[in-house]
Amino acid sequence: MNWRKRLVILGSAAMAIGIGVGIRLTAKDGSSGDAASGPPRISVSLANATLLSDDFPRDDVEMFGKLLNSWREEGTQIVQYRGEFRLDYGGRRHLSADNAVIWITPRLVGNTTLKRFVVYLEGQVRITEGEQGTVTDSRHIATFQTTGRVWTDADTRVEQAGNDTELYRHALTFRDQHAPGAAPGAGSPVVPVAARKLTPAPPQVTYRGGKTTAKKVGDEWVVIATDGVYISRTDPNAPNDPSSFVEIRSREAVLFATSEGSSTEDAQGRQVTAQQVTGVYLRDDVIMTRGERSIQASEIYYDMEYDRALILDAVMYTRGKRRDQSDVPVYMWAERMRQLSPTDYRAYNAKVTTSEMFTPVTDLTAKQVDVHDVTKRAGPYEATQYNAIEYKTRNQLARIRGVPIAYWPGSQGTFSEGETALRTIRVGMASDFGASIETQWHLFKLLNMQEPAGFDMYLNLDAFSERGVAAGIDGKYLRDNFYGKLNSYLVLDNGSDNLGRDRPDEKQQQETIRYWARWQHRQYLQQNWEFTGEISLLSDRNFLEEWFKDEFDTGKDQETLAYVKKVWDDNNAFTGLFKIRLNDFLNQVEKLPEVKYYKLGEPLFDNKVVLFGEAGATVYNRAVDTERTDIKESGVGFRGDARIEAQFPVKLGPINLVPYAIARGTVWTNGWSDSDPNSSSNGGGGTGRVYGAVGLHSATNITRVFNDVENRFWDIHRLRWLMKPEVNLHLAAMSVNRDELQPLDPTVEGINGSSFANVSWRNVLQTKRGGPDHWRTVDWMILDLELTAFVGDPTKSHFEPEATRPPVVLPFFDKDVYAFGYYAPSRPEESFAPNGVVLDYFYQWRISDTTSLLANGNFGPGGLDIENIGFALERWPRLSLYFGQRYIRALDSNDLVFSANYQIDRKYRVNFTYAWDMKNSATAVTRITLVRQLQRWYAALTFEYSQTAQRQLVMLSFWPQGAREIRFGRGVSQWGASTESGGQ
């Protein structure tokens, strides 16, 4: 039948519905099909539960009823309720009936227990899915699965099996009739899989209506249904795919069929194959459900043969997945929508949002939106990606509270971090940067490209009234055999840097164009090869410190290098490094190249000797900033270095003894004293060195248990004392002092000939907490003490700070190398060894599960080098507090710090941080942040003041739920935010 004739029939059907035509549908056998023939039953497959998910949600399940009895059969927990049964699933799905039988089958998926539910409902069945509609029936089967908790409650519990009850027999029969893949009944043919693929079974259609009538028009039958219509479509070729099962409800419908159909007496409703029903038109309160997707509309025409639909005045609801693995709802309003396939929809004049509000905080409007479900299922009832939804738009407009904020020709992406290309926005006022607006956008969405799996790329667009405009790209990526990170930022800077009150000479006019670009990449190759590449470019020496203070303080050095590694036989490795300096204002040692071979833990003589060895050759060039230091370029030279260590493990009762011997030799082609006035050498500098050492490492473990210790006030139930005493003796000698060597690498030229004695005592006091049936082991107290006495290396070399030389001379080496004395157990010659005694301590007292005391410190020959002591209190989820003191002698820093987080209610959280600089008697920082949870977004208002940095700040920030690892700020004030905490 052509479309013109079909439109005439649709018009006639609409008129018939309008005047209330209610003629009984006469079946081929002459039986009546109206409500008087008994309540029809809905045929629902277990793989396609009505309104319930077959994926991997984490929702809890709560069940209630009058009478409960449960038992187990072959690993399945069976629960039977009789009287006033209710089931709440995740707080948004509600099932109720007079009686119910539930089969709960657990299975392990990775480290998580997935529980599959099959729920049989009988008598006054009612299923509610939020605001998406309600299903009513007399009997029903629903399935879902979850990794959440399961709660059962009842007025009366019966401790016996209920498999002999009439309710259970009805449930078992009904489940087996409607379950996909159920065992065929007597005489039912078993069709091989290959045969089903060659001759696929046609979809099955079930329909019913309060009043139905049928008439033949030409070569096609027309069925008119009124007073509540239910239609379902099932594809028997995909019984485990939730998207293959479709339910449609409306008040009125017209069906088109090639034959009148048939009515059976098996209480399964009217069954018609797709060869008979070719299409259906529905109107008035239409609800179409397919798995987790539901569509409300005024009118729908559904092509049953090709599984396509035309939908008018549509509202689609589905769920996606955020990056933090929580659910995100997706709503789409459209004047007109087409279903192109079971997983593809196209909407015209549409509005998309992840907010449940009628007037959403943010939404995206577009002339055309394509939605594609890319959920991948590994097998029946399994999903490797949970409800992954992709979209693509044309002529889009992003809006906040209905106000347009950005237009773009088109974009595409997922709903993992919202529906718009905007990721974060931040506006504020700072004393040195002026008024500012900082925005971050999803790069691939702006480029109208689908973001590759594993890639997160963002575009930063910023403006500062006192500095200028800026832009950059940040991102990271992770795939099976490679991962990497990209950072870039370009500023048209017309202001001056403010690097603190102690550096007034740095507060000067900077270059107009300033930038930072860095790319880091690691690739895993075949045959255990690994490649690491990095490139970094900076416009000037102060750019990172001014604009990216966090990266400057805690990030790795800005380097350009290529590194390869090959590992074989578990204890053999080869490495190659090529490193050059691109930023001529940084002090770096170029490797042109450096190759090394390692032998790790080679057992000899029946494990009586364990051998460690390494050898390397380096072509080097020490490149320095000649404007900031008096050390000159070394020129290109060659270095060869070899190290061998033999260990002789012995066990004497409970004590492990490991005597060892170390030999190391290093040669250079040139010294450095002739070209550097700071060298103490009067000759040509050291070009060869021999190092030798012998030592002894001993350790044991001691355990004591005190069963009679009990104290309710301190929450102590028994005590176990774990002790690990260690003694290390090291005697060393070196032919050339460090002052005679070029400061290339602290692990080669920086080793020292000190001898030392090291004693450590590590203690853990454990107790039991939690009460009967819930006891757990807790580390109540931890105390680690380490004492090291160094002798034999009184020199002050270029590897240590000197009073006459500013710290900027020493950027070749890690800051911690000369910060305080320490013992390196794996390579003793790399210990930092000031002449004298060094004491390290660490202490932790877990007073309760929510209260802890922490302290650590380091005492050297010059007194206290580092000290941290703090008190942490947590009253989750409302309040957390921290108060502590931090002292670092090398930085001349001594601060008192107080921090508090308080959850005011479900919408508001406040954070307060205060640090007092005791050295300068000034406020290091005062920061107050108020976080407000919006619909799918967060907003934060921040006030900050720093007397030492001479900065004031007021900032308003917005970011979406699910956007993790967000870092706000460009040096003015940097603080992190996450969906979980909603703030700092």
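User: Let's start with L930: what does 35% relative accessibility make it count as?

Analyst: Burial classes rest on relative accessible area: buried is under 20%, exposed is over 50%, and partly exposed lies in between (1.4 Å probe, protein chains only). L930, at 35% relative accessibility, therefore counts as partly exposed. Its place is in strand β49; strands (E, at least two residues) are DSSP runs, numbered from the N terminus, as are helices (H or I, at least four). One caution before we go on: this is a predicted model, where local features need pLDDT of at least 70 and side-chain atom pairs count only at pLDDT 80 or more, while totals for chains, interfaces and linings use all residues. Residues are numbered from 1 along each chain as its sequence is written, and side-chain values use heavy atoms, with hydrogens and water left out.

User: Which surface patch includes L930?

Analyst: A patch is built from residues with over 30% relative accessible area and no salt bridge, joining nonpolar side chains (Val, Leu, Ile, Met, Phe, Trp, Tyr) within 5 Å and like charges within 9 Å. Here L930 belongs to a nonpolar patch on the surface, together with V427, M429, I437, Y902, I904, Y908, I928, L941, F943, V954 and L956. Their accessible area together is about 910 Å², from the Shrake-Rupley method with a 1.4 Å probe, where only the protein chains shown count as cover for residues. Two or more patch residues come from each of β24 (422-430), β49 (922-933), β50 (937-946) and β51 (951-960).

User: How many salt bridges does a search of the whole structure find?

Analyst: A salt bridge means a side-chain nitrogen of Lys or Arg within 4 Å of a carboxyl oxygen of Asp or Glu. The search of the whole structure gives 46. One of them pairs R251 with D284, with the closest N and O atoms 3.8 Å apart. R251 sits in the loop between β11 (246-250) and β12 (252-257), and D284 in strand β15 (residues 277-290), so this pair ties together parts 33 residues apart in sequence. R251 is partly exposed at 46% relative accessibility, and D284 is partly exposed at 33%.

User: Are D307 and R290 buried or exposed?

Analyst: Both are buried. Their side chains meet in a salt bridge of 2.8 Å, N to O. D307 is in the loop between β16 (293-303) and β17 (308-321) while R290 is in strand β15, so the bridge ties together parts that are 17 residues apart in sequence. Salt bridges can also form a network: D432, R467, D493, D497, R514, D540, E546 and R951 are linked in this way.

User: Which side chains make polar contacts with the side chain of Q766?

Analyst: A polar contact is a pair of N or O atoms within 3.5 Å; within protein, one must be able to donate a hydrogen and the other to accept it, and residues adjacent in sequence count only if both atoms are side-chain atoms. The Q766 side chain makes such a contact with the side chain of R720 at 2.7 Å and with that of D779 at 2.9 Å. Q766 lies in strand β41 and is buried, with a relative accessible area of 13%. R720, in strand β40 (residues 716-734), is partly exposed at 35%.
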